[in-house]
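Please open the model in your viewer with both chains displayed, and follow the stops below in order, making each selection before reading what is found there.

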Protein chains: 2
Amino acid sequence: MDVLNLGMVGGGTVGSGVFHALQQNGELLACRIGVRIQVRKVAVKAVDEPRPYPIPRRLLTTDWRQVVEDPEVHMVTELVGGTTVARQIVETALRLGKPVITANKALLSAHGPELFRKAERHGTNLYFEASVCGGIPIIKALREGFVGNRIRALYGIVNGTCNYILTRMARDRAGFDAVLKEAQREGYAETPPDLDIDGHDAQHKTGILASLAHGIWIPPSKIRVEGIRSVSPLDLEFASQLGYTIKLLGIVKELGSADATDGETPLQVSVYPALIPSRHVLAGVQGVFNAVFVRGDVVGETLFYGQGAGKDATASAVLSDLADAALDLRFGSPRRRPAFVRQPNRVRVVPMDEVVSRSFVRLSVVDRPGVLARIAAVFGQAGIGIASVIQPEGHTGEIVPLILMLHEAPDGAVRRALGRIGRLPVVKAPPVRFRVESLD
Amino acid sequence: MDVLNLGMVGGGTVGSGVFHALQQNGELLACRIGVRIQVRKVAVKAVDEPRPYPIPRRLLTTDWRQVVEDPEVHMVTELVGGTTVARQIVETALRLGKPVITANKALLSAHGPELFRKAERHGTNLYFEASVCGGIPIIKALREGFVGNRIRALYGIVNGTCNYILTRMARDRAGFDAVLKEAQREGYAETPPDLDIDGHDAQHKTGILASLAHGIWIPPSKIRVEGIRSVSPLDLEFASQLGYTIKLLGIVKELGSADATDGETPLQVSVYPALIPSRHVLAGVQGVFNAVFVRGDVVGETLFYGQGAGKDATASAVLSDLADAALDLRFGSPRRRPAFVRQPNRVRVVPMDEVVSRSFVRLSVVDRPGVLARIAAVFGQAGIGIASVIQPEGHTGEIVPLILMLHEAPDGAVRRALGRIGRLPVVKAPPVRFRVESLD
């Protein structure tokens, strides 16, 4: 049986997870693909750093160049994270014509196109299944399973930390700060938590999925992102009464057909907390689990569900890429499925202000007749229809909540109207607004 | 760009769906994989038969040999169904060294190993993503996405007709016969419906998934199958009160570790309606949708959801296989991922009588003191523990329902005890029993 030598850079949580999975199932993997993958060297930050699974000392080095540049190393995993040294590692390996397997979504977000070009120039490839939703083979599904589909819409719960927090808030009626602290204690949230809860992690992943689905590279700067700090237990409760659940969604959605004049299809790419129907299969995704709902023009509606992160789920994705890379080397077809392929269908990312959606609005208003009329007047002037109003019972005092469901309206118009409403003297706190996604 | 000629055998529902999808997205597909797939000829039963999508007359022939044996045809789709002519078609193409893409689960169930050997002998390959859950790339997920995993358990809702009937029965509290008739009127069930509702379609699919996951070919004869005819609205109602939903499941489950003496891992492979926890993500799969829940030893819990059948969902799977077959031809690696690979881990399919599970039992008993004692005595003698008993209110008359939840017990013991209970004079109808799957 052919043997291929793997050089690993990064032996921390994910790296040691990959090493462990290869020890555990390497024989099975070899039998399934007809190639044995042998770990030759592992570059780590410090030989004695603590790691979830042990790696024999004789394999360890602290010099990544010793791994990447070793002529006996046929392929390289980059599992160090970050965008500086990681970039050097990946570029060095590609320049040597060695395929690279990475889980680094931040690196892809920042430097994807350069890395893809580098891989092409040196006749090798870059594999990154583990960069988005480790336990869900979503990149393989988009690129291979749905290769015959136009992806009409994709909605992803792609950040486990946010989904854990929102699930706990909804279940326990607990506040954001309290749940976040608990999540940090339990290891479900980082300290500081900003990358997750402000939506940037989801933004990176959504950008990668959008780019693969539509064949143009969509950088983070084109993706509107809003995190979950603004979600309160009140919002979850009122949403639930209305038949909705609030989830942080990565959204990639065609907004219509190709424009008759320029031939471009308008596309929404964004990340924000949204109300989705509670009976929808996506609403049932609880805790740290991830899920991606995909609508293809041929396949119809599909959903993929699994653990998004964690050393083992991510290791599973790395092993899948290792198998593909090994087969590509074995059969001399390293560019069989290039890391990224531009597509002929032209899409245009629509500025968020132009995106039309329904809205859930929660206002804190003084409890006095005539208040609703003043608020309704502002929406009326902006041409925004109100679908329903709820003045929930059981709230007494000077300030009470007022919930409005708005009809479809352009995002910019809603934003401006809420700005004006927030300045009304009868409104006592900044308006809270979430978009409503019917997922139809 | 390379061009490959496709010969299609079968131009009915699925065949014309594939033709249509290639017309619609052929350009996009070509761009994504770097190969253009051109339909050269389509063999049909009758040129003028009605089909959901039109196929130009100049491509049609009624002689499949003209398609398969055409030296300009590089690859073949077999979309005629059945196991006689279909077998000839597939074997002829393989003998000519042409890769075959099929959606034919019955053919694979009956003759899989011979066809795999034939493909190997002639240096070509057989692709069958469309044979199981068309809209779900589950075969690719098992073979590629989870290539680094041992599949500890797999639970599939793999028959849309049964899931539609059970969903409607639960929602509308309607009887099996009435819902089946309606499903037939609406085109969700065939006439006769036996292949679906007696579980044989699910048996074929479960066998294919089990075989791929465990690397031994598991023929239908080794798979215990029970259909959904025995499910009544009463069972769905009582199950629901207990926090369960009834689904027809294909089950592939390791029952323990490898045996110390013979090294074989005991494996359950079966199809039956089972109670699953209503809060489980699998319980939320409604109507004609399919879903497969997979637990891998590395990846953890995952779920794949989509349409199981229908011309378009199935076409999407065929296009995915066509892309793989085209790339394999383009890069001269037709055996890159053989249709079936034997694995070193040895498994032994356990006879159903030895499988241990919990049970839900519904009896129709005379409403008289002492009845429960007589029933409990039979279970007690058999060493089967009773977890709970419900004598639901609101049932009056001579005969009333009695629900028992049984502790874990071997299937054979439960079967024999129920046989004895069914012969008690106080029991007035054959006992109804469903297994309870916690999916843990």
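Predicted model: local features only at pLDDT ≥ 70, side-chain atom pairs only at ≥ 80, totals over all residues.

Select A:Phe304 next, and you will find it opposite B:Phe304 in β12(B); then select A:Tyr305, which stands opposite B:Leu303 in the strand of chain B.

The same surface serves both copies, since 100% of the contact residues of chain A recur in chain B.

Now widen the selection to the whole interface, in which 48 residues of chain A are in contact with 48 residues of chain B. On the side of chain A, the elements giving two or more residues are α1 (13-33), α5 (138-145), β12 (300-307) and α11 (311-330). Coloured by class, this side of chain A shows 24 nonpolar, 16 polar and 8 charged residues.

Strands β11(A) and β12(A) run antiparallel and are joined by 8 bridges, and the hairpin between β11(A) and β12(A) passes through 3 residues. Within this pairing, select A:Ala291, whose bridge partner in β12(A) is A:Tyr305. Is β12(A) largely enclosed by the rest of the structure, or largely open? Because 6 of its 8 residues are buried, β12(A) is largely enclosed by the rest of the structure.

For the last stop, move to chain B and select B:His74, which lies in the loop between α2 (64-68) and β4 (75-78). Is B:His74 buried or exposed? B:His74 counts as buried because it has 20 C-beta neighbours inside 10 Å. Show its contacts as well: leaving aside the neighbours within four places in sequence, B:His74 is in contact with B:Leu4, B:Asn5, B:Lys98 and B:Leu329. Finally, draw a distance from B:His74 to B:Thr61, which are 13 residues apart in sequence and, C-alpha to C-alpha, 17 Å apart in space.

Note on methods. Residues numbered from 1 in each chain as written. Chains lettered and ligands numbered in written order. Contact = placed C-beta atoms within 7 Å. Helix = DSSP H or I, 4+ residues; strand = E, 2+ residues; numbered from the N terminus. Nonpolar A, V, L, I, M, F, W, Y, C, P; charged D, E, K, R; others polar. Pairing = 2+ DSSP bridges. Buried ≥ 20, exposed ≤ 12 C-beta atoms within 10 Å, placed from the backbone.
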